[in-house]
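I opened the file to look up a few things about how the chains are put together. My notes follow in the order I made them.

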Amino acid sequence: MRYWKNLQENKVLKNILLFLAMLGPGVITGSVDNDAGGITTYSVASATYGYPIIWVLLPSFIVLLVVQEMNMRMGACTGKGLADLIRENFGIKVTFWIFLGLLIADIGNTATEFAGVAGSMGIFGISKYISVPATALVVWILVTKGNYKISERIFLLFSVCLLSYVFSALAAKPDWGQVAHSLVNPQIQFNKDYLIMVLGIVGTTIAPWMQFYMQSAVIEKGTTMDDYKLALADVVIGCVATIAVALFIMVACAATLHANHITINEAKDAALALKPFAGAFASAVFAFGLFVASIFSATILPLATAFYICEAFGFNAGIDKQPEDAPQFYALFAAILIIGCGIILMPHAPLIAITLWTQDINAMLLPVVLISMQLMVNNPDIMGAHVNNKAQNMIGWATTIILIAMTALLMILPLFDSFK
Amino acid sequence: MRLFIFFSQIVGCDVLDAQSQIVGQLHDIAMNPSAEIYPKANEIIIKRGKFDKEYAKVSWDDILYFEHEIRLKINAVQLIYSKEIPKCDFTLRRDIYDQQVVDIDDQRVVRVNDIHLLRAESQLYAAHVDVGLRGIFRRLSWEGGIDFLVALFNPKSPYLKQEEFIPWKATQILPKLGRMKSVLKLEVVKNKLSSIPSAALADIVQNLDIFARVSVFKSMDITLQNKVFTDMALSTKEELIDQLSEHDVANLITNIPADEATDLLMKLPQEKSHRLLDLLGTDTNKKLRKLLSFAKNSAGGLMTTEYLCLKADATVAEAFQKIKDNINFHGTIFFLYIIDDNGKYLGTTSLRRFYLEDPNKKLLETCYPENIHVFTGDNVEHIALLMERNKTSSIPVLNEQEILQGIITIDDVLEVLIGLLWHKYEEKL
């Protein structure tokens with residue numbers, strides 16, 4: 001008893017416990033962030049360009065941090081989801097187009113997740129015609145019959161598996177001096193493929209749907225501005241973890257694949273290709289990490305997308321409701337899941353094209369979401385005293401403008417290609 | 001002239017002055033919410049300029065007519081434009097359009113897609129809010145096209161006939177923390193809310209985001225607050241009290257049934273529940289501290305200490321007086337418990353048993369013949385069985401010395417049992 005009492009009076013411990021209780025939105029969002037699409041993009045980029053492309057992670061980190069902090073602040077200040085706020089402040093037309101884009105992008109994203117499932121299970125010798133429908137069924141049961149909150153926690157626990165990439169990276173025996181050097185010395189190439197890769201990395205690290213997810217998680221947690229400091233710490237930890245995992249994936253692929261001039265197109269190629277250089281264990285670990293990340297996001301993505309769309313248009317939504325009471329919600333959820341799965345099960349599915357297109361839509365949607373966020377987070381009617389400060393606005397607007405410029409460039413470049 | 005018009009059909013339409021010059025577009029309509037059942041438009045807000053927007057306010061009396069365009073009786077020079085949107089108490093676009101409202105009849109929270117306006121005697125009233133799919137399509141300017149497509153494939157589709165309208169009088173606007181704080185007349189809120197049964201109201205409040213929850217809750221009067229708070233789920237209570245001052249929370253805890261208060265205090269972090277207990281009056285404090293010391297699903301944890309008891313020598317007349325004195329008591333007044341000078345339990349009687357008796361008769365003689373009671377450590381299954389076997393809805397709880405500690409009513413037992421059953425059912429799935 002006395003021991004317990006001492007524990008309770010321990011200030012440091014109390015703060016740690018308080019922090020653990022607040023821990024959540026940022027860390028969960030961070031783990032969801034490293035999904036199959038992310039792992040694919042990171043490994044393909046670093047296998048193609050080696051260490052020199054690693055610098056992109058540093059600006060990505062800053063932008064990720066700024067954007068997620070804004071989401072957290074908006075959630076804490078208003079108690080409303082991003083979808084709610086967009087609808088209430090920009091009207092139905094803007095909302096409709098944003099969510100149409102989000103729906104298309106997320107069907108693509110879901111397909112990417114199933115591609116991750118198919119690829120990683122393929123390494124263990126399981127056909128995609130078994131693994132993909134089985135996963136979809138598990139996801140459906142988990143969401144409709146199971147307890148979503150508990151599954152989310154289990155997945156979160158599983159996401160520790162993402163740390164397995166650290167082992168993969170270490171097994172690859174990289175040149176850490178060069179990694180550090182590349183991180184702070186950007187070497188930028190001006191050609192279309194490179195640009196697509198950079199945009200892809202930014203787009204997958206700061207995917208538009210994450211903003212919605214993050215803000216909902218903050219609200220569910222019941223965070224208010226009184227908890228700002230703890231919530232901020234959570235956001236920082238989440239961002240650091242996300243970028244750290246990305247860094248290890250990139251290092252592992254750069255040290256092995258790029259060094260041996262092996263180019264890959266999918267994340268599972270990375271897992272396979274790691275084998276001769278980093279050992280069978282590192283390869284299996286990579287594949288398992290990919291599988292966990294894929295199934296985690298394949299559960300959350302369709303669910304979250306259906307939820308935000310219903311939130312914005314005022315339809316009943318939530319897994320605690322019966323399908324009769326929330327028809328639009330369940331229809332959307334099923335449609336996203338089935339279409340995403342179906343794309344992967346097509347016999348000659350153009351997987352790479354789908355992945356690239358999805359990334360492009362993500363990247364195009366991102367500035368739109370960012371602009372809406374910037375406008376709202378600077379509106380004192382919504383945020384009261386907690387509007388953006390100058391530094392936050394500078395980074396926010398700079399990111400938006402750079403992303404728009406890059407997207408525009410991407411759109412224009414193919415035109416020039418055809419003239420060559 | 002159409003009798004009904006949608007807000008989406010007139011917002012953005014041209015506004016012309018007396019010389020037929022365009023002075024801007026319709027931006028918003030300010031309403032007078034408290035005048036009649038249906039709020040009446042009393043001002044319009046005009047917007048001019050695409051990027052450098054300026055706004056002006058025009059009184060309803062200065063409008064000549066209101067059709068596909070708005071014609072004013074006054075000249076452009078009489079309008080005063082400013083960069084800021086003129087302040088109005090309550091406007092359609094800002095406060096209703098695209099916002100969430102409570103549908104009082106169906107007791108749910110919905111999002112407004114459009115507003116149905118009624119024109120009568122050159123006045124404009126808000127008649128319904130449109131929360132349906134057609135409202136969404138109308139806003140996207142697709143209504144005609146979609147109607148055509150639906151009619152093409154299924155001319156009898158219910159979509160074409162069914163409008164999802166909520167009459168204004170059944171619409172409750174949610175006061176918002178920021179801009180609406182002092183705006184809406186709280187009277188309007190109160191009157192509408194008090195017509196909803198408190199359990200349903202608790203459900204509605206539960207579905208709101210936390211800030212709307214707090215402001216709706218604060219807009220209720222104390223009695224309603226107590227009722228709604230009692231009916232809320234434990235987790236919602238917990239979230240809500242985080243947003244209220246500790247003083248307010250202490251008041252709530254004092255005024256809700258003791259067993260509900262105990263459940264809440266048990267759920268809270270120890271430090272907070274101790275702080276709250278210190279804020280309570282001595283009686284409540286003592287009562288709750290005692291209840292808190294029992295295990296959750298034991299008789300002691302379930303019981304409430306709110307019951308009426310009388311001494312062994314009390315008469316039937318005294319019992320009537322006791323009931324009259326406690327007519328507003330929130331525990332049961334149907335059962336009376338009789339104890340000796342040391343608090344030892346002697347028996348239970350009910351209003352039914354002594355109602356027709358001689359006023360001078362000793363109350364003890366009207367007691368139930370069988371002595372049914374439980375002890376503080378007994379578990380909930382035992383209590384439920386005992387209640388079922390004896391067909392009683394309330395049972396006294398004694399400690400080892402047979403001193404009366406409290407009573408358990410059937411609803412407390414049901415709450416636990418339903419929880420347990422539900423848990424088992426979920427496990428089966």
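Entry 1, the cores. Before starting I wrote down the term: a nonpolar core is a set of buried Ala, Val, Leu, Ile, Met, Phe, Trp, Tyr and Cys residues joined through C-beta atoms within 7 Å. I also noted that the model is a predicted one. Which residues touch the most other members of the largest nonpolar core? I found Ile249(A), Met250(A), Ala252(A), Ala270(A) and Ala306(A), out of 136 residues in that core. Helix α15 of chain A, residues 280–313, gives the most to this core, namely 22 residues. Apart from this core I found another, of 66 residues, which includes Ala30(B), Ile44(B), Met220(B) and Leu265(B). As a general remark, I noted that nonpolar side chains in soluble globular proteins tend to be buried together.

I looked up the contacts of Ile249(A), leaving aside its neighbours within four places in sequence. The contacts are Ile39(A), Tyr42(A), Ser43(A) and Tyr165(A).

How do α4 (residues 36–49) and α11 (residues 192–205) of chain A pack? I read an angle of about 155° and axes 9 Å apart. An angle over 145 degrees counts as roughly antiparallel, so α4(A) and α11(A) are roughly antiparallel to each other. The crossing of α4(A) past α11(A) is left-handed.

I counted 19 helices and 19 strands in chain B. Of its 429 residues, 35% are buried. Among contacts in chain B with a separation of 6 or more, 61% join residues 24 or more positions apart.

Is Glu381(B) buried, partly exposed or exposed? It has 13 other C-beta atoms within 10 Å and is therefore partly exposed. Glu381(B) lies in helix α18 of chain B, residues 380–390.

The contact takes 17 residues from chain A and 16 residues from chain B. On the chain B side, β9 (108–111), α3 (133–139) and α8 (210–219) each supply at least two residues. I sorted that side by class and got 7 nonpolar, 3 polar and 6 charged residues.

Note on methods: Residues numbered from 1 in each chain as written. Chains lettered and ligands numbered in written order. Predicted model: local features only at pLDDT ≥ 70, side-chain atom pairs only at ≥ 80, totals over all residues. Axes fitted to C-alpha atoms, helices over the stretch in contact; angles between N-to-C directions. Helix = DSSP H or I, 4+ residues; strand = E, 2+ residues; numbered from the N terminus. Parallel < 35°, antiparallel > 145°, perpendicular 65-115°, else oblique. Left-handed = near helix turned anticlockwise from the far one by under 90°. Buried ≥ 20, exposed ≤ 12 C-beta atoms within 10 Å, placed from the backbone. Contact = placed C-beta atoms within 7 Å. Nonpolar A, V, L, I, M, F, W, Y, C, P; charged D, E, K, R; others polar.
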